[in-house]
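Subject: Handing over the structure

Dear colleague,

I am passing on the structure we spoke about, and below it I have set out what was found in it. Please read the notes with the structure open beside you.

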Amino acid sequence: MMEKRKIAILGSTGSIGTQALDVVRHNIDKFEIELLTANNNYELLARQAIEFDANNVVICNETHYEALKALLKETCTKVFAGMDSVCELVKGDNVDMVLTATVGFSGLKPTVAAIEADKPLALANKETLVAGGPAIMKMVKEKRIPVLPVDSEHSAIFQCLMGAAGNNITKIHLTASGGPFRTWKKEDIAKATKDKALRHPQWNMGAKITIDSATMMNKGFEMIEARWLFDVAPEQIQIVVHPQSIIHSMIEFEDGAVIAQMGHPDMREPIQFALAFPERLPLGNKKLDFASLAQLTFEAPDKDKFPCLELAFEAIRKGGNLPCAMNAANEAAVTAYLHDQIAFYDIGKIIEKTMEQTFLIQEPSIEDILSTNEEMYRKAAELIHTL
C-alpha cells in the first residue's frame, strides 16, 4: 500500500495537468497537492488551488500575480510568480514527486531544478528530452532519479519492459494515430487551415501538441524521447501508424516475439500509472471489449506528406544541440501557423532551414542548450518574416 504522495503539477491548467487533477480527484486518499503552476490561466489555477487545497501556486506570467492573489486571499494557499519561483518550489522538502505537464521548452528549467533536488519525475514535457536529452539523462543517471514517462506511448514501452525479464529488446514499435491529415492528399494538406489541423481524431490535447500531431513532428519528438528514456539507437525505433490508438506501443525481442500494451485512448491511464507507480489504482475509465473491436490496422507513415518526421530522425542521428535547434524552430513555426502567418508546409521548411544554420555542438551543456534555443528560435522567427 503506497503512502500518500505530495505532488507538484507544473502546467496544471493544460490538458495533461487537468487530467492529472482528475486522477487526484478520484484518489484523494493517495495524493496531496503541494504545488500547482500555470502560465496565464490564473482563474482556473485559483479554482484548482481552492478545490485541492494546494499549499503553493505559481503564475509564471507575473502580470497576473495580483489578480491571482486576490482570488486566493481567503485561503491558506501561498501565491508566487515567475519561473524562478517554480524552480525554487519544486525543490521543497514537502514535494514527493514532480509532474512536468508544461508544453514547450519552458519545461526544461524546472525539470533540471527537480533533478538537482533529487525529486522523482513524472515526465510529460517532451521538449525537455528532445532539446536536452544527453545532458538531462546524464544528470538523471548521476542522481539516480526515477523518471516515469507520462506520454501514452512511452508509458506503454515502460510497461512492456516490465515484462521483458531483463532480456534485450531489438526494436521499439512506436505507434501513431496519423493525425487529422492521414487520409488527405498532399495538395489538400498544403491548403489546410489551423481549424482543420486542430481536429485530432483520437486525443484531446492542447493546440501546440495537436498541430505537432498533424505534422507528425510530435511522433518525431516521441522517437527522440524513446531514444533517451530507453537507451536505444534511433534505427531501433520504428514508427507505425495505428489509427485506432488501441495499441499504444510495442517492444520486439531477438526471437521475434512482440509485447504490446493496449487500452482505450485515455491519458488518465498513463498519468495515474506514473503518479502511483508501482501500484495500480482503480480508474473509472472505459475498458476494452475485444469482441467488439472491429479491426486493428497498421501502416507505414507517409514521409512525403509528413516531412517533419524525417527531420527529427536527421536531428537525432547528427545529435548534439541539433534536436534543440529543431525544437526551437518548430515552436516558432507552430506559433506562426496558429496565428495564420504561414502555411502548413512552411512549418517543415522553417525547421529544415533553421537546422541548416545551426552551429553543431556535439556534447552540449545545459547552458549550451539554453543559448541554442534562444538563438535558433530567433533565426526561425526571422525566416518566418521572409515568407
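Across which strands does α2 lie, and at about what angle does it run to β2? Before I answer, please keep in mind that this is a predicted model. Helix α2 lies across β2 and β3, and its direction makes an angle of about 165° with β2.

The sheet to which these strands belong is an open one of 7 strands, in the order β4-β3-β2-β1-β5-β6-β7, and its pairing is parallel. At its edges are β4 (78-81) and β7 (147-149), each of which pairs on one side only. On average, and with direction ignored, neighbouring strands of this sheet are turned by 20° against each other. Helix α1 also packs on the sheet, where it touches β1 (5-10), β2 and β5, and its direction makes about 165° with that of β2. Further along the sheet, β5 (residues 97-100) and β6 (residues 121-123) run parallel and are joined by 3 bridges, and L99 has A122 in β6 as its bridge partner.

To return to α2, which spans residues 42-52, its buried residues are L44, L45, A46, Q48, A49 and F52. Some of the spacing in such a list can be read with a general rule in mind: an α-helix has 3.6 residues a turn, so residues three or four places apart point the same way. The cover over the buried residues of α2 includes α1 (15-25), β2 (31-38), β3 (56-59) and α3 (65-71). After the helix comes D53, which has a positive phi, near 50°.

There is also a second sheet to look at, an open one of 4 strands in the order β9-β8-β10-β11, with mixed pairing. Here the edge strands are β9 (237-241) and β11 (258-262), each pairing on one side only. The strands β10 and β11 run antiparallel, with 5 bridges between them, and M250 is bridged to A260 in β11.

Within β10 (residues 247-253) you will find S249, which counts as buried because its relative accessibility is 0%. Its side chain reaches the backbone nitrogen of T175 at 3.4 Å. Leaving aside neighbours within four places in sequence, the residues in contact with S249 include E153, A156, I157 and C160, as well as H173, L174 and T175, and also I259, A260 and Q261.

If residues up to four places away in sequence are not counted, N373 touches F105, C324, N327 and A328.

Finally, a word on the cysteines: how many disulfides does a search of the whole structure find? The number is 0. In the case of C87, the closest cysteine sulfur is that of C60, and the two sulfur atoms are 8.7 Å apart, so they are too far from each other for a bond. C87 is buried, with a relative accessible area of 13%, whereas C76 counts as exposed, because its relative accessibility is 70%.

How values were computed. Residues are numbered from 1 along each chain as its sequence is written. This is a predicted model: local features need pLDDT of at least 70, side-chain atom pairs count only at pLDDT 80 or more; totals for chains, interfaces and linings use all residues. Side-chain values use heavy atoms; hydrogens and water are left out. Buried means under 20% relative accessible area, exposed over 50%, partly exposed in between (1.4 Å probe, protein chains only). Helices (H or I, at least four residues) and strands (E, at least two) are DSSP runs, numbered from the N terminus. Contact means heavy atoms within 4.5 Å. A disulfide is a pair of cysteine sulfur atoms within 2.5 Å. Two strands pair if DSSP finds at least two bridges between them. Axes are lines fitted to C-alpha atoms, for helices over the stretch in contact, and angles run from 0 to 180 degrees between N-to-C directions. A polar contact is a pair of N or O atoms within 3.5 Å; within protein, one must be able to donate a hydrogen and the other to accept it, and residues adjacent in sequence count only if both atoms are side-chain atoms.
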